[in-house]
Amino acid sequence: MLIDQHARKHTYLRISLTERCNLRCTYCMPEEGIQLRDKKEFMSQEETIQLAKTFVDLGVTKIRLTGGEPLIKKNFRELLQELAKLPVEISITTNGILLDVYFDDLKDAGVKGLNISLDSLIEEKVNRISRRNYFSRIQKNIDEALKRGFNVKLNCVLMKDENDDEILDFIELSKEKILVFVSLNLCLLMEINGIGLKPYLINPFLKK
Ligand code: SF4
């Protein structure tokens, strides 16, 4: 069991599968992308599985796969299949673009939770913030994920004069089966009121 110095038990592990991403969100990456590190610096598939097994043996019951964008990892399918053999709940944080490629694999692996990054509900804005044109594919994939019974959570980074005018639309959306997390872009946040700001959560269970 993993217990820290404050006697807290830790049962949740996040594994970042890659630093690569197929988007270039303005608050995350430069337009030209980042200087990628040598592959040798990253864990192989075998090492990733072994590490996960070790943590499961130590009491981890939930593993979240993240990136960069985890679904662009070449061996994502194989990795997922191996992780699915462990007695853990697996969830994914993704930008949603490649979900249509992996829906069946995710279901087969018992994945229930999908955290999908979406900073706006307006196509032009999403494409501008992400510097790519995938809005309609992401939107279709969110609809499909809901149809297939995944628990969908949207992660939205709220930015002053960019998407802060959509906060009510996200609240409205949170009444319909989708959990919406809104986090504030801290750099821009200071411009809003100059004092400590906290990420906050809009709860869909507000639905009457
Ligand atoms: S989708 Fe996530 S990892 Fe990719 S550029 Fe945007 S914020 Fe960064």
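Leu114 stands opposite Val152, a residue of strand S7. Strands here are DSSP runs of E with at least two residues, helices are runs of H or I with at least four, and both are numbered from the N terminus. This is a predicted model, in which local features need pLDDT of at least 70, side-chain atom pairs count only at pLDDT 80 or more, and totals for chains, interfaces and linings use all residues. Residues are numbered from 1 along each chain as its sequence is written.

Strand S7 (residues 151–158) pairs with S6 in the parallel sense over five bridges; two strands pair if DSSP finds at least two bridges between them. S6 (residues 113–117) is also joined to S5 (residues 89–94), by four bridges, and these two run parallel. Here Leu114 in S6 has Ile92 opposite. To get from S5 to S6, the chain passes through helix H3 (residues 99–108), making a right-handed β-α-β crossover. Right-handed means that, with the strands pointing away from the viewer, the path from the first strand over the helix to the second runs clockwise.

Now look at H3 and its partner, helix H5 (residues 135–147): their axes come within 10 Å and cross at roughly 15 degrees. Axes are lines fitted to C-alpha atoms, for helices over the stretch in contact, and angles run from 0 to 180 degrees between N-to-C directions. H3 is therefore roughly parallel to H5, a label for angles under 35 degrees. Leu99, Asp100 and Phe103 of H3 make the contact with Asn141, Glu144 and Ala145 of H5; contact means C-beta atoms, placed from the backbone, within 7 Å.

Definitions and conventions
Parallel < 35°, antiparallel > 145°, perpendicular 65-115°, else oblique. Contact = placed C-beta atoms within 7 Å.
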